[in-house]
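Hi,

Here is the structure I promised to pass on.

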Amino acid sequence: MVGPGLRAKLLLLLVAPLVLVIGGYGVLRLHIEEGQFLAEEQHRMVITATALQVAVENALRDRQISDIRHLLAEVVRVQEEIDRIRIFDAALRPVVVSNPLTIGEDIPQTALRDAIEVGQPVIFFQRRGGKRVLYTIVPLRGRPSAFRGVMEIVRLAGDVDAKLAAARWEIVQRVGMLAVALAVLVWIGARQTILKPIGTLMAGVKALGAGQPVTIAVRGDDEFSRLAGAFNEMTERLAEARRQLVAESEGRLDLARQVRQAEQLAVAGRIASEVAHEIGTPLNIISGRAEYVLRDLAADDPKAAHLRTIVAQIDRISGIIASLLDLVRPRKPEIQDVALGPIVNAVLELLEPTARRAGLTVSRSLAPELTVKGDPNQLQQVMINLIINAIEATLAGGTLLIRAYAAPRPGGQPGVVLDVADSGVGIRPDDLPRVFDPFFTTKPPGRGTGLGLAICRDVIREHGGSIKVLSEVGSGTTVRIWLPAASSAAA
């Protein structure tokens with residue numbers, strides 16, 4: 001929203017000059033109309049004075065002074081536009097006066113002399129006693145080309161002031177209405193073309209500052225439209241910078257996780273070496289002695305079952321130690337072109353009975369003739385780990401699907417996708433980012449070491465592939481592996 005200060009400044013900036021211009025026009029118009037009105041009054045008086053001039057000049061030729069005095073008095077009585085008439089001789093002495101006036105008997109000698117000298121009527125306004133007075137001075141001819149005197153016609157133009165005031169008020173009203181109408185129109189136009197775009201830009205800036213970038217619609221090609229376009233470009237650059245920052249932060253976090261994993265692997269390496277050295281030999285002795293005693297016992301001897309349990313647990317301990325050694329000292333894979341179908345089928349033949357005993361339905365969907373670049377033994381180890389995890393994570397009545405199909409990478413590199421999907425309990429979102437961490441497991445204590453997925457990830461990376469886990473709680477889990485296609489398949 002645009003603040004009141006900006007609205008007030010914009011109103012003052014746009015409307016004040018407009019009001020001044022209209023006010024100046026009103027003053028000028030008032031002055032012009034006042035001049036026109038006074039000119040009309042003077043013109044009417046000239047016409048009246050000319051008619052009186054003829055009558056008085058005729059009477060003066062006949063020297064009928066009494067008739068002239070009676071004529072002037074009658075004219076003043078009948079004509080509302082005339083308040084007094086005086087006739088002066090050539091010496092500017094009053095000869096005939098129609099009636100006295102409250103404004104006094106002052107004689108405008110300068111105007112009288114001017115009228116005699118120029119031989120034309122002289123008309124002017126004057127303020128007398130706070131009133132506007134219209135003087136009309138007319139020269140009177142006697143003999144041809146000789147002047148016998150001058151006639152003064154006075155009008156107390158009080159109605160002229162009233163008419164001028166009414167005209168002034170009318171002009172003020174019209175100018176005021178025009179100013180208000182134009183101010184409203186200017187304000188509406190400024191609001192639509194200036195305040196509203198500024199408000200939109202301010203809202204966009206606030207949203208951007210709050211971390212919610214918006215895009216402003218660009219309409220037209222004016223300055224505000226170009227400013228909105230520049231704002232959108234800035235928003236896009238900031239969003240791109242934010243994405244890069246997030247990517248860099250994620251990269252640093254991933255690097256930190258890798259450092260932690262390396263430290264864990266270093267610890268695991270030391271532990272594995274010590275365990276292999278300190279426990280391996282005693283375990284071999286115990287296992288050998290147990291197997292030696294087991295050979296001397298009958299198959300149905302109760303002690304034989306206990307001995308077989310001892311041998312199995314020793315084998316399990318040896319397997320854990322071997323897994324640790326494989327994790328910290330993985331052997332270099334022997335990459336070759338490998339058919340994926342036989343590896344998957346061999347692992348399923350080995351583990352499918354276990355899945356059926358757990359009450360699971362196993363299905364497979366393998367596109368024919370899929371070949372990848374890989375080490376058959378290590379890929380088989382990966383498949384065994386993933387399928388065992390899927391079996392242990394799925395309740396009875398669930399399903400297990402192994403699926404493989406050709407799928408190139410986004411960059412166009414040919415490859416194969418291998419999915420191991422189950423309908424188990426799934427993995428919580430908080431645990432999903434940690435599933436590849438060494439020693440992290442969601443299995444109950446005693447049922448997992450947390451090394452399986454870590455080993456699988458390292459193996460797949462050594463093959464130039466990628467592995468990720470897709471899971472939702474209650475909807476199962478899919479482990480998706482991408483491996484480069486074999487050279488012949490790529491060709």
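**Salt bridges**

The structure holds 10 salt bridges. Keep in mind that this is a predicted model.

Start with arginine 86 and glutamate 152. Their side chains form a salt bridge, with N and O 2.6 Å apart. Arginine 86 sits in strand β1 (residues 84–89) and glutamate 152 in strand β5 (residues 147–156), so this pair ties together parts that are 66 residues apart in sequence. Both arginine 86 and glutamate 152 are buried.

Next, aspartate 89 and arginine 93. Their side chains meet in a salt bridge at 3.1 Å, N to O. How accessible is aspartate 89, and is the residue buried or exposed? Aspartate 89 has a relative accessible area of 17%. Buried means under 20%, so aspartate 89 counts as buried. Arginine 93 has a relative accessible area of 51%. The cut-off for exposed is over 50%, so arginine 93 is exposed.

Last, aspartate 431 and arginine 428. This is a salt bridge too, and its closest N and O atoms are 3.0 Å apart. Aspartate 431 is buried, at 11% relative accessible area. Arginine 428 counts as exposed, at 51% relative accessibility.

As background, side chains of opposite charge can pair when their charged atoms come close.

Best wishes

Key:
Residues are numbered from 1 along each chain as its sequence is written. This is a predicted model: local features need pLDDT of at least 70, side-chain atom pairs count only at pLDDT 80 or more; totals for chains, interfaces and linings use all residues. Side-chain values use heavy atoms; hydrogens and water are left out. A salt bridge is a side-chain nitrogen of Lys or Arg within 4 Å of a carboxyl oxygen of Asp or Glu. Helices (H or I, at least four residues) and strands (E, at least two) are DSSP runs, numbered from the N terminus. Buried means under 20% relative accessible area, exposed over 50%, partly exposed in between (1.4 Å probe, protein chains only).
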